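Let's walk through this structure together, one piece at a time. Keep the view open as you read.

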Amino acid sequence: MRRVVLLIIIALMVWGADFDWVEGYAKALELAKKEHKPIMVMISQPNCPTCEYMDDVAFETESLSDYVENFFIPLKLSLSQARSLGLKAYGTPTFYFLDANGSKITRALVGGATAKTFLAKLQEIRSAYDHQKR
Amino acid sequence: MFRFIFTLLLGLQLLFGFGFVGEEGPKIVPVQKAYKPSVKVEKDKLRIDIKMADKVYLYKKYFKLQELSPKKRTIDIEPFLPKPKKLHGEEVYEGNMSIFLPLKLFDNGDVRLALSYQGCNEIGICYPPQTKEFTFTIPTQASTLTQAGQSEEQGIAQTLKTESWWVILATFFGFGLLLSLTPCIFPMIPILSSLIVGAKNMNTKKALLYSVVYVLAMALTYTIAGVLAGLFGANLQAALQNPVAIILFALIFVALALSMFGFYEIGLPASLQTKLAKRSDEASHKGGLIGVAIMGFLSALIVGPCVAPPLAGALIYIGQTGDALLGGAALFAMSLGMGMPLLLVGVGAGKFMPKPGGWMEAVSKVFGVVMLGVAIWMLSRVLPDKITMVLWATLFISSAVYLRALEQIQTGAHWFAYFKKSLGLVLFIYGLLVFIGAFLGAANPLDPLKPLLQTQAQAVQTKPLFRVVKDYQEFERIAKNSSKPLLLDITAKWCASCKELEENTFSDPRVRQKIGEFTALRLDMTDNSQSDKEFLKRFGLFGPPAILFFKNGKELRDLRIVGYKSPEEFLRILQEAKRRSQ
């Protein structure tokens with residue numbers, strides 16, 4: 001019973017607010033170029049409570065997920081994938097923001113944040129990106 | 001499911017004051033400072049300490065240990081991890097943790113290890129997986145004594161050091177019971193039975209008394225000989241395995257046999273008898289008991305010089321601690337255990353003894369033959385195989401002759417006459433076979449035609465399995481230059497367990513093949529010479545049989561075999577020795 005209820009809750013959340021992680025770095029660069037959006041890289045690993053919090057709570061919050069959906073290309077990388085791209089991570093989660101050429105636009109964000117804090121940070125980064133482009 | 005709930009809870013809990021770290025927030029501890037592992041060798045254990053910073057934890061499931069050299073392999077660390085805590089539904093460690101790993105998990109020498117681990121900081125990040133390398137040396141002392149475990153007899157010596165008296169005595173009594181079913185004890189069965197059959201006015205009570213006296217004498221002798229061996233390292237039993245003692249003992253049996261045949265009666269001299277007791281029948285009774293005690297004493301010394309793990313274990317214990325009391329008590333308990341079947345046999349012999357008369361005479365004569373058999377068996381230790389075989393053949397054939405196997409049965413004879421003749425003929429034919437076997441080169445009177453049954457190929461295969469070494473110097477020279485792993489078998493003609501090993505274990509084709517992968521050496525200490533004794537002393541051995549394994553000239557002490565091992569057990573040890581030598 002509890003399982004069913006939880007499934008319904010998850011289904012509602014998924015239906016209510018969602019964005020899709022892009023498949024692969026190359027695809028992310030391509031989309032970034034086409035849609036003129038910065039890339040949000042999340043470096044994650046299993047058994048990382050903060051990563052799970054970000055995935056299951058923060059990114060399921062409608063205001064934040066809508067914003068990511070509309071203004072960023074979301075890309076999830078494992079630690080080893082990130083290392084091979086020259087993206088260092090102290091730990092997980094670490095967020096990087098890249099332009100369409102793959103260069104960093106800000107310093108990395110280490111750790112997680114509530115949807116509200118994260119959204120504010122994203123807005124800041126997005127405006128810096130727009131400013132830079134102009 | 002639960003993880004999801006935990007995450008939710010974590011989220012709610014951290015809703016306030018939760019934010020990015022490293023930038024404006026609290027300073028994040030880098031992974032190098034978060035976990036500080038170090039290793040240390042402590043006695044027989046490797047100790048891994050991991051110092052952890054505040055608010056940092058490690059996952060139990062991500063611990064991984066690899067040996068990089070001398071061998072590359074993964075070591076299962078899981079069973080050695082301490083009890084974890086539960087955090088966010090996961091098993092984790094916080095604060096400082098220590099892991100103790102037995103050194104025997106690793107290979108000897110300089111070891112390089114890689115320890116992998118992964119964990120998180122409660123501040124809100126998880127560290128990337130880390131792998132740290134360590135090197136350390138396993139001290140050879142530890143590797144030979146404690147690290148690699150113990151051989152059977154060392155384990156038994158350990159039992160003596162740690163267990164309580166009652167446990168020790170009961171354990172050794174049990175060992176004795178097990179040993180009683182080996183060739184070390186078998187020869188005593190006909191000896192005791194003959195003594196009982198040969199005595200006058202036997203009844204069940206008296207038979208029990210005889211058996212008890214015999215067993216006690218044997219047990220006491222074993223104990224005293226054992227304690228002396230443990231304290232001084234001198235093997236009294238081996239010392240008595242010289243031709244003079246053996247021939248004397250064999251002569252005693254011949255004399256007993258002749259008295260069984262009715263040629264004369266053995267008793268104590270009349271003067272001694274009167275001294276011992278006033279009444280003459282009491283005197284003969286006591287005299288008989290003294291005779292039995294002497295036979296028990298001699299049997300223990302000469303008949304069964306067997307070194308088995310419990311005996312060696314007790315001797316090691318006495319040698320190491322000087323505690324002759326406990327060691328001796330253990331040996332006594334073991335000897336009593338060994339004597340239990342003898343009691344049964346003795347009582348049985350007394351109970352089913354026929355009344356004096358015709359039958360009794362026949363039974364006495366049968367036992368006379370058995371005594372002669374024991375005498376030949378003793379002599380086989382000092383005589384060449386061929387002569388022993390001829391002696392056996394003579395025994396069988398003359399028994400047949402005495403059974404009138406070669407005489408005609410008169411018509412209308414009792415059925416027993418027919419039976420006797422049939423039995424005699426069987427003995428006669430068997431005697432002939434043994435006689436033929438003697439000249440075919442057979443050594444075992446139970447298998448006289450073995451040389452005929454071997455095909456050409458087998459004959460080639462039976463080239464000597466072992467290379468015989470004379471003394472320690474020769475052994476050392478070969479051991480030094482051997483590229484293959486080395487095996488040393490210590491044997492002697494007078495050692496019953498060695499014979500068992502030879503006939504059951506070393507003749508097994510699988511064992512022969514596996515031994516071929518070793519440089520197999522053999523020390524034959526039949527004459528128990530000075531150099532043989534020194535050889536034994538060097539390895540702290542008390543006598544044959546013993547099989548030792550060597551790697552680069554160093555003994556793999558825990559694999560040492562003392563006493564008999566079946567082909568299967570022996571193969572297992574051979575395989576382990578081979579594996580460890582690579």
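What pattern does chain A follow, read along the sequence? The order is α-α-β-α-α-β-α-β-β-α, which comes to six helices and four strands. Helices (H or I, at least four residues) and strands (E, at least two) are DSSP runs, numbered from the N terminus.

A quick word on what you're looking at: this is a predicted model, where local features need pLDDT of at least 70, side-chain atom pairs count only at pLDDT 80 or more, and totals for chains, interfaces and linings use all residues. Residues are numbered from 1 along each chain as its sequence is written, while chains are lettered from A and ligands numbered from 1 in the order in which they are written.

Back to chain A: of its 134 residues, 38% are buried. A residue is buried if 20 or more other C-beta atoms, placed from the backbone, lie within 10 Å of its own.

Now hop over to chain B and find helix α15, residues 385–402. Its 18 residues reach 26 Å from first C-alpha to last, close to the 26 Å expected at 1.5 Å a residue (that is, 1.5 Å times one less than the number of residues). Among the buried residues of α15(B) are B:Trp392 and B:Phe396. After the helix comes B:Arg404, with a positive phi near 60 degrees.

Finally, look for the largest nonpolar core, which has 115 residues. Such a core is a set of buried Ala, Val, Leu, Ile, Met, Phe, Trp, Tyr and Cys residues joined through C-beta atoms within 7 Å. Helix α7 of chain B gives the largest share, 11 residues.

Terms used:
A residue is buried if 20 or more other C-beta atoms lie within 10 Å of its own, exposed if 12 or fewer, and partly exposed in between; C-beta atoms are placed from the backbone.
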